[in-house]
Amino acid sequence: VRELFRESRTCSATSLYRILVLLLLFVILIILAASIYADRAWKRRLETKSDIAAGESKVEWNYGAVIDAGSSGSRIFLYHWPPHSGNRNDLLRIQPIRHPQNGQALVKRVEPGLSSFSDDYERAFESIRPLLDFAATYVPALKQKESLLFLMATGGLRLLSKKTQRTLLDGLRVKIQARYSFQFPPSHTE
């Protein structure tokens, strides 16, 4: 009887050990499956909410461009955002437009700065024209009429007199409005 009892105890311990190992393997499989599912769901979410790359425009999205007219040069930054939800508590999800190959934000720079053309807004316009052409390339043609354009004069331009600044910026605004269809009212130059 003792021997039988010892065998059953050994058998029970072995069975219990096997059950625990199987249970542990089962838990590991469930965690692994949940992890794979979560990873796929996350990737799907990123694909639907991530930045759209240049060339993959979405017509329902909104677009904007900001020209930073610095002392040594001017840069244009391109942005887009999905339609607003309508909820006044929701923020816009403004994102840079990214290059399709390297994922970097699309930015173009030209030199010299606008202050170099303080006496000639025609030449100033020609200096930033490549920036505007760049924006026109990446903002869908159907959206350009409703796409915002801002010209923010920083650095060297601020060293010019207020009258010279205003003359230059007003001349640029007129030239830009004549050649491009972006939304560019006087309040968008500063």
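Q: Which residue forms a salt bridge with Asp 170, and how far apart are the closest N and O atoms?

A: Happy to walk you through it! A short note on the ground rules comes before the pair. This is a predicted model, in which local features need pLDDT of at least 70 and side-chain atom pairs count only at pLDDT 80 or more, while totals for chains, interfaces and linings use all residues. Residues are numbered from 1 along each chain as its sequence is written, and side-chain values use heavy atoms, with hydrogens and water left out.

The partner of Asp 170 is Arg 166, and their closest N and O atoms lie 3.1 Å apart. The term salt bridge here means a side-chain nitrogen of Lys or Arg within 4 Å of a carboxyl oxygen of Asp or Glu. Both residues sit in helix 3 (residues 162-179), four residues apart, so about one helical turn separates them. Helices are DSSP runs of H or I with at least four residues, strands are E runs with at least two, and both are numbered from the N terminus.

How covered are the two side chains? Asp 170 is partly exposed, with a relative accessible area of 26%, and Arg 166 is partly exposed as well, at 37%. In these terms, buried means under 20% relative accessible area, exposed means over 50%, and partly exposed is in between (1.4 Å probe, protein chains only). Elsewhere, salt bridges that share partners join Glu 126, Arg 129 and Arg 179 into one network.

Now let us set the pair in its surroundings. The count of salt bridges comes to eight. Among them is the one between Glu 146 and Lys 143, whose closest N and O atoms are 2.6 Å apart. Here Lys 143 is buried, with a relative accessible area of 7%, whereas Glu 146 is partly exposed at 42%. Another salt bridge brings together the side chains of Arg 75 and Asp 68, at 3.7 Å from N to O. Asp 68 is partly exposed, at 23% relative accessible area.

Of its 190 residues, 29% are buried. Among contacts (heavy atoms within 4.5 Å) with a separation of 6 or more, 62% come from residues 24 or more positions apart.
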